[in-house]
Amino acid sequence: MPLFHGSQGCTSLALVLLVRHFKEAIPLQTTALDAVATILGGAGNLEEAILNLKRRAKPKLIGICTTALVETRGEDFAGDLANIKRDRADELAGTEVVLANTPDFEGAIEEGWAKAVISMVERITTPGEQSRHQKKIAILPGWHLTVADIELLRETVESFGLKPVILPDISGSLDGTVPGDRWVPTTYGGTPVDEIQELGTAAQCIAIGEHMRRPAELLRTRTGVPYALFQSLTGLKRADRFVSFLSEISGAPVPANIRRRRAQLQDALLDGHFHFGGKKIAIAVEPDQLYQFATFFTGMGAEIAAAVTTTGTSKILAEMPAESLQVGDLGDLEELAVGADLLVTHSHGRQAAERLGIPLMRVGFPIYDRLGSQHKLTSLYQGTRDLIFDVSNIFQANQRAPCPGSLDPSRKGELPR
């Protein structure tokens, strides 16, 4: 059960975006600070909210995220939470309560995601060297992997005879399924708390995205589990590296179905590269997702004409295949994207795309004006293949030069000159 420590307005904004993006019920709760609690301190509201959630929903895990409203006061959240756990130990038995400091004014989506994973490992994962299960693999996916990406990731790892434990795992909770006949007050699916506790028994950790390096390093420091970081899983070479790594650690050959997917991607590269050559792309997303798509487009022969991101602290920005990179917003993107052939950002970029007369490819968060965004693949062989087809089709649907398929009715059927 997620719990926002702040006002009802802070929670409502996040809830609306999450519901519109995933098209699912999100059980996001709030401590509902009023004017008095905001000034005098919200420890009482925090305690009341935790106890109410425990009594009503009986969750195995309550994840608390702070907001700018309470962070600006500089409250001692860790101390308040420690006191609540001590004084209410009997009432909270059987429920883990984890705190992540995530104020709006610091960082971006990927940094908040990483902080949440770090908090879960610190609070829940059993420390110290433990006996290793040689087939068990801990996977820490970045925020930018879709439900479909994570499902494909799990299937790929399992095809090598390995057992993946994914943290966080949104593929079982936000995949569009209906959880039986009765209403469930908490999120369903996901990674069980006992598996988070036993992450230290994994033989290997795989982190996906530069922002997941710190959680992977914490897991290694806390339990001794070694990790391998994959900055992106999109593109032939990057997918090859991941598949080769799985083959190495499992000692198993690459399965025939994965080899077939690779051959399909090779064919898609041959079919699609004609549409990418010389195209100018303008992208505005978080740093790791920017790297994912920038390397994909440049690998296909396109040029990154504008690259805008949310934060300048990520190390991945130094490896970005773009001549210029700006930390900014969609206003900056609109200024830089003049003359581009494709705009790549989330749904809030649709007005800029309309004003510039440029087609929009929706990626990232939020995507609220299209269905099925979480079921689109962007990773490994299948995801790269699908991206090639999607982008090629956008370019074909927005050709500016005349072609035999676009006859001018006034010219009585003659071909355009």
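Q: Which helix gives the most to the lining of the second largest pocket?
A: Helix 3 (residues 43-57) gives the most to that lining, with three residues. Helices are DSSP runs of H or I with at least four residues, strands are runs of E with at least two, and both are numbered from the N terminus. This is a predicted model, in which local features need pLDDT of at least 70 and side-chain atom pairs count only at pLDDT 80 or more, while totals for chains, interfaces and linings use all residues. Residues are numbered from 1 along each chain as its sequence is written, and side-chain values use heavy atoms, with hydrogens and water left out.

Q: What makes a space a pocket or a cavity?
A: On a 1 Å grid over the protein atoms alone, a cavity is a set of points where a 1.4 Å probe fits but cannot get out, whereas a pocket is an open set with protein on both sides within 12 Å along at least five of seven lines; a residue counts as lining if it has an atom within 4 Å of a point. Points are joined across faces, edges and corners, and the volume is the space filled by probe spheres set on them. The second largest pocket has a volume of about 340 Å³. Of its 20 lining residues, A25, W183, V184, P185 and T186 are the closest to its centre.

Q: What is the volume of the largest cavity, and which residues line it?
A: The largest cavity has a volume of about 30 Å³, and its lining consists of H144, L145, I208, Q231, S232, L233, T234, Q292 and S379. These residues divide into three nonpolar, six polar and no charged, where Ala, Val, Leu, Ile, Met, Phe, Trp, Tyr, Cys and Pro count as nonpolar, Asp, Glu, Lys and Arg as charged, and the others, Gly among them, as polar.

Q: Why is K58 called exposed?
A: Exposed means over 50% relative accessible area, buried under 20%, and partly exposed in between (1.4 Å probe, protein chains only). K58 has 60% relative accessibility and therefore counts as exposed. K58 lies in the loop between helix 3 and strand 3 (61-66), and its phi is near 50°, a positive value in a residue other than glycine.

Q: Why is A32 called partly exposed?
A: A32 has 30% relative accessibility, so A32 counts as partly exposed. The phi of A32 is near 55°, again a positive value in a residue other than glycine, and A32 lies in the loop between strand 2 (29-30) and helix 2 (35-40).
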